[in-house]
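Dear colleague,

I am passing on the structure we spoke about. Please look through it before reading my notes below.

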Amino acid sequence: MAVYEVVKNGEPVLRTKAKPVPKVTSNIHKLLDNMVDTMYASRGVGLAAPQIGVSKQVLVLDVGDGLIEVINPEIIESSGTETGIEGCLSIPGIIGEVPRAVKITVKGLDREGQVVTYQATGMMARAFQHEIDHLNGVLFIDIAQNIRKDEKLS
Ligand code: ZN
């Protein structure tokens with residue numbers, strides 16, 4: 001078990017396009033394990049590798065339907081737009097309304113290095129888009145409206 005401190009807004013790694021993973025090795029397994037531990041310990045619904053300081057195209061998420069791990073994720077289809085509230089472990093205490101595609105298809109590699117595709121809607125689609133943005137150096141505050149303090153936390 002290795003829980004990392006989540007990298008906060010202002011660190012360059014969050015603004016850097018993450019590098020694709022050429023091969024899924026035991027180092028990537030370790031990275032996934034650390035990301036999963038950190039996500040659950042932080043009570044997040046998703047985490048991207050740059051958020052623990054690793055500039056690689058790896059994400060994990062769990063919106064309540066079980067753990068998903070994707071390496072080199074890519075959105076290959078998307079439809080609809082829906083605005084919803086988001087926050088981010090890297091920008092604590094802040095929320096905003098972010099337009100996202102309602103339905104997406106994500107393609108990438110799983111832990112075994114096999115090609116996987118996920119069709120996601122609602123919360124899961126939102127979490128995928130938020131984490132994939134992280135891999136491109138984009139934060140939700142870049143595209144959110146009505147950015148404000150999360151009253152629940154203050
Ligand atoms: Zn985030």
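Predicted model: local features only at pLDDT ≥ 70, side-chain atom pairs only at ≥ 80, totals over all residues.

Metal site. The zinc ion is coordinated by three side-chain atoms: SG of Cys 88, NE2 of His 130 and NE2 of His 134, at 2.0 to 2.2 Å. The donor residues follow the spacing C-x41-H-x3-H in sequence. Cys 88 and His 134 are 46 residues apart and link distant parts of the chain. Cys 88 sits in the loop between strand 4 (82–86) and strand 5 (94–100), while His 134 belongs to helix 2 (residues 122–135). Both Cys 88 and His 134 are buried.

Helix 2 lies across strand 4 and strand 5, and runs at about 70 degrees to strand 4. These two strands belong to an open sheet of 3 strands, in the order 4-5-8, with antiparallel pairing. Strand 4 and strand 8 (145–149) are at the edges with a single partner strand each, so one side of each has no neighbour in the sheet. From one strand to the next, the twist averages 20 degrees. Between strand 5 and strand 8 there are 3 bridges, in the antiparallel sense. Ile 95 stands opposite Arg 148 of strand 8.

Strand 2 (residues 58–61) and strand 3 (residues 68–79) run antiparallel and are joined by 4 bridges. Leu 59 has Val 70 in strand 3 as its bridge partner. The hairpin of strand 2 and strand 3 has 6 residues between the strands, and Gly 64 in this hairpin takes a positive phi near 115 degrees. Strand 3 also pairs with strand 6 (residues 103–109), again in the antiparallel sense, over 6 bridges. Here the bridge partner of Glu 77 is Thr 105 in strand 6.

Helix 1. Which residues of helix 1 are buried? They are Ile 28, Leu 31, Leu 32, Asn 34, Met 35, Val 36, Asp 37, Thr 38 and Met 39. What covers them includes strand 1 (46–48), strand 2 and strand 3. The length of helix 1 (residues 26–41) can be checked: at 1.5 Å a residue, its 16 residues should span 22 Å, and the end C-alpha atoms are 22 Å apart, which agrees. Just after helix 1, Arg 43 takes a positive phi of about 55 degrees.

Regards

Conventions
Residues numbered from 1 in each chain as written. Heavy atoms only, no water. Donors = N, O, S within 2.8 Å, 3.2 Å for Na, K, Ca; no water. Buried < 20%, exposed > 50% of the residue type's maximum accessible area, 1.4 Å probe, protein only. Pairing = 2+ DSSP bridges. Expected span 1.5 Å × (residues − 1). Contact = heavy atoms within 4.5 Å. Axes fitted to C-alpha atoms, helices over the stretch in contact; angles between N-to-C directions.
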